Amino acid sequence: MDLLESKWIWHPEWKDEPDGSSAGGFVHFRKSVVVRNLPAKTVAIHITADTKYKLYINSKLVAVGPVKGDEHLWFYDQIDIQPFLREGVNNISVRVMRLFHATPYATSFPRTPFGGLYIRTVAEDLDTVLGVQSDGSWETALDLSTLLRTDLKEDDFLHIYEAVNISGGRGLNWMAAKELQFPSSHGLSAPWKLSPRMIPPPRYEEAIFKAIHNLRSSKSQSEWESVLLGPNDSRGKVNILLSAGSHHVELEVETHMTAFLDFKFRRPLSTGSSFRATYSECYEDTPEFVPYVRCKGQRLDTSKQLLGPEDIYHFGGNSSATDLMYHGDANEEVFSPFHFRTFRFISLDIEIPQDSELALQGIDLTKTTYPLEVLADFNTHSQTDDGAKIHELWTTSLRTLQNCMHDCYEDCPFYEQLQYAMDIRSSALFTYSVSGDDRMARQAIVQLHNSYRPSLGLTASRAPAHQYQVIPHFSLFWICMVTDHFEYFNDPGFSRQFLAVCDGVLETFARRIDPELGLIRSVDSPAQWDFVDWTEAWKPMGIPPAAERTRYQSYTNMLYAYTLKRAADLVEGVGRPALAGEYRSRAEATVQTVTKHCFNGNFFTDGLASTANPSQDLSQNGQVWAVLCGAAEGDRARNMLNQCLRDPKFTPASISMSFYTLRALSLAGGGTYNDYFHQFWNPWRAQLAQGVTTWVEDSVTQRSDCHAWGSAPLYEFLAEVAGIKPAEPGWSVVSFSPRVGLFPSLDAKVPFMRGDDTAIAHVSWRTREHGTDISLSIKTGNSQFLDVPVRVCLPDGQVQMMSGREEIVLRTE
């Protein structure tokens, strides 16, 4: 059956007309099918919806989807429903969250102008047997009890927090679903360009609460703990019967988490009770500016307050019992927020009216993330406090990365859940380093590519997203993502499709070059944001003052030259040597121009050196990117980096630029990287001392406590310390440059892909009285040595080619 032959269905009375009180609504679909002979083989269906769906079969949650797409690529899921079927009557239910199209709310969730549900059975012979496909035989009802809140100051992006009131009954009015009619010929089709999902289904794991704080209730701490702490099955049938009045409890999980929740209560006899669940990343003081500028210190200081977005639920009681098939026990009233929630703490406030009571049976947590298979490992075998901190740097970085991977890479799961090009370039490299998995990165590259607008000559800063935002520099970071992928995976067929847009972006920057100075001018449109970095001195927009004053940014020109050089390697690798030469020539011209106009004889200024303000126009970023683009090399590069990292007159780079600062230290050579390595992580150690379990977004606003650009240790420990990198595209040659001076002993595993095969580089060394013994073995999944050339660079500078067909054993004196 062709994808275009199946029907999309929707509620015939739905009105996509926002009034500001809700970001969207919910639509229920149901159908009963009779299975006389339970199929022994897979029963696969394709399913998707606009905007998100949950599929239930016989009161069991089967799937949540689809992966976020947009008008360019709308994903569907293929699901085997056979394990959920039974002989006889099967109740199939779908709950769809539809976000209004003509509204700025819910930026994180793209949608088309039409709501819809699409289901088809994959095997033709099962179509008529099961009749699951979406058509007019489905029933549908509008959920009038739930608002997607737009009134929360803590939420400017998601608008998936719910206000539910079923105290007057759900009032479900079931009717036949409407089959949507779209053209399907002459090059016309439905608004959804359907595609199978590009990433695997998410991982789901049961999670538990760790502790209860600040209890204010007529019930004791132990009574609350018996119901809320511990695994679901260990709590059994215990419940806590709450009397009339107010009850307040604060719940802590072990680490920062993204999870689905089920708030389970015995169905009350009457209406009037309610609860409010507030989701928080930490205890904090009153923010300076909600939600963007926070006042945070020790995250576990329970004398402070829990702040964040919230759900509100008003109980319906017996009068609200419905025939919805989402939960199996009619004696329970369960609130299950549709979208996952992000939190480390939950504040629960329960209100029970006079002459009433409410029985809480528990709160189930189901942690959800992308199913990242971590194949890497890093162990220094140190028993010191610093050794323990190194281990925490590793584990916290992994957790942060994983919590920022769901439908796509996310900047921060608590606030935005948006896929920004600059942020995810780092995230993708960290993912390659620990797993060799490129599936989410490929999806991100495609989605950002699809956001390209020829009229602008730029990609969006983030995609997919409901609102189009332009940060020109981020288009260059997207090009770097394409070059990184080629470097790690050598897939010319994948990379070539992006070359036209890469060239278009580079041409857009070239058109901004001033003919007299030869420098790229700063953007002069308020519709474009020239963001560089989150630093205190560049508040509130993250732009150096020199950019506005001189109309030029050295950073723009340096990033442009850096990207041109990387793009040159890419196009040369796919057989375009002439274009590679052009790119290198343009890069060199830009480097010379930056040196001429933005170098004061000692350091690079943020704008024109001739008009620079010495007190505010010098930054660490200026020196870092001078090294990265090749404007500073050798002793000059090392001296500049040494000075800017020690002298407070240089505006410091933030966590977001830590990856690039470390790249510059490595590229500068000599002992620079090793000299700064251990002290470089002091800001991360300071975070650990404050009780974080994931890395913060930045130290200036302190907005989010989970942002993956802080996970730089994942790359550094493997690529720089263990010293394993691709020396040629696709790891056709492996580079091995172990930094044995950083730790006296080390065992590390570094995964990488060779075609369709996963290889693991095992790096080990031990420093003894008379030298260091080093070994490297590279093996495939079947434990066979990989016959691959290895370029070995020892600490004394010696370089030699060896083979991975056997264990490589070295010794340094």
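Start by selecting asparagine 490, which is partly exposed, with a relative accessible area of 34%. The model on screen is a predicted one. Asparagine 490 sits in the loop between H7 and helix H8 (492–496). Check its backbone: phi is near 45 degrees, a positive value in a residue other than glycine.

Next, select glutamine 417, in the loop between helix H4 (385–403) and H5. Here too phi is positive, about 55 degrees, although the residue is not a glycine. Is glutamine 417 buried or exposed? Its relative accessibility is 2%, so glutamine 417 counts as buried, the cut-off being under 20%.

Now go to helix H7 and pick serine 475. Serine 475 is buried, and its relative accessible area is 0%. Show its neighbours: leaving out residues up to four places away in sequence, serine 475 touches Leu458, Thr459 and Val505.

The crossing of H6 and H7 is left-handed. Which residues make the contact? On the H6 side, select Ala441, Arg442, Ala444, Ile445, Leu448 and His449; on the H7 side, select Trp478, Met481, Val482 and His485. Coloured by class, this contact shows seven nonpolar, two polar and one charged residues.

Two cis peptide bonds come next. One runs from glycine 65 to proline 66, with omega near -10 degrees. Proline 66 belongs to the loop between S5 and strand S6 (74–80). The other stop is the bond from lysine 539 to proline 540, which is cis with omega near 0 degrees. Look for proline 540 in the loop between helix H9 (499–510) and helix H10 (545–550).

How many cavities of 30 Å³ or more does the structure hold? There are nine. The largest cavity contains about 230 Å³ of space. To centre the view on the largest cavity, select Lys52, Val64, Pro202, Tyr204 and Asp407, which lie nearest its centre among 21 lining residues. Strand S5 (60–65) and strand S24 (341–369) each supply at least two residues of that lining. By class, the lining of the largest cavity comprises 13 nonpolar, five polar and three charged residues.

The second largest cavity has a volume of about 60 Å³. Its lining includes Tyr432, Ser433, Tyr488, Trp731 and Val750. Helix H5 (421–435), helix H18 (712–721), strand S26 (724–726) and strand S28 (745–754) each give two or more residues to this lining. Which element gives the most? S26 does, with three residues. The lining of the second largest cavity has nine nonpolar, one polar and one charged residues.

Finish at the second largest pocket, which holds about 950 Å³ of space. The largest share, six residues, comes from S24. By class, the lining of the second largest pocket has 14 nonpolar, ten polar and ten charged residues.

Note on methods. Residues are numbered from 1 along each chain as its sequence is written. This is a predicted model: local features need pLDDT of at least 70, side-chain atom pairs count only at pLDDT 80 or more; totals for chains, interfaces and linings use all residues. Side-chain values use heavy atoms; hydrogens and water are left out. A crossing is left-handed if the near helix is turned anticlockwise from the far one by less than a right angle, and right-handed if clockwise. Helices (H or I, at least four residues) and strands (E, at least two) are DSSP runs, numbered from the N terminus. Contact means heavy atoms within 4.5 Å. Ala, Val, Leu, Ile, Met, Phe, Trp, Tyr, Cys and Pro count as nonpolar, Asp, Glu, Lys and Arg as charged, and the others, Gly among them, as polar. On a 1 Å grid over the protein atoms alone, a cavity is a set of points where a 1.4 Å probe fits but cannot get out, and a pocket is an open set with protein on both sides within 12 Å along at least five of seven lines; lining residues have an atom within 4 Å of a point. Grid points are joined across faces, edges and corners, and a volume is the space filled by probe spheres set on the points. Buried means under 20% relative accessible area, exposed over 50%, partly exposed in between (1.4 Å probe, protein chains only).
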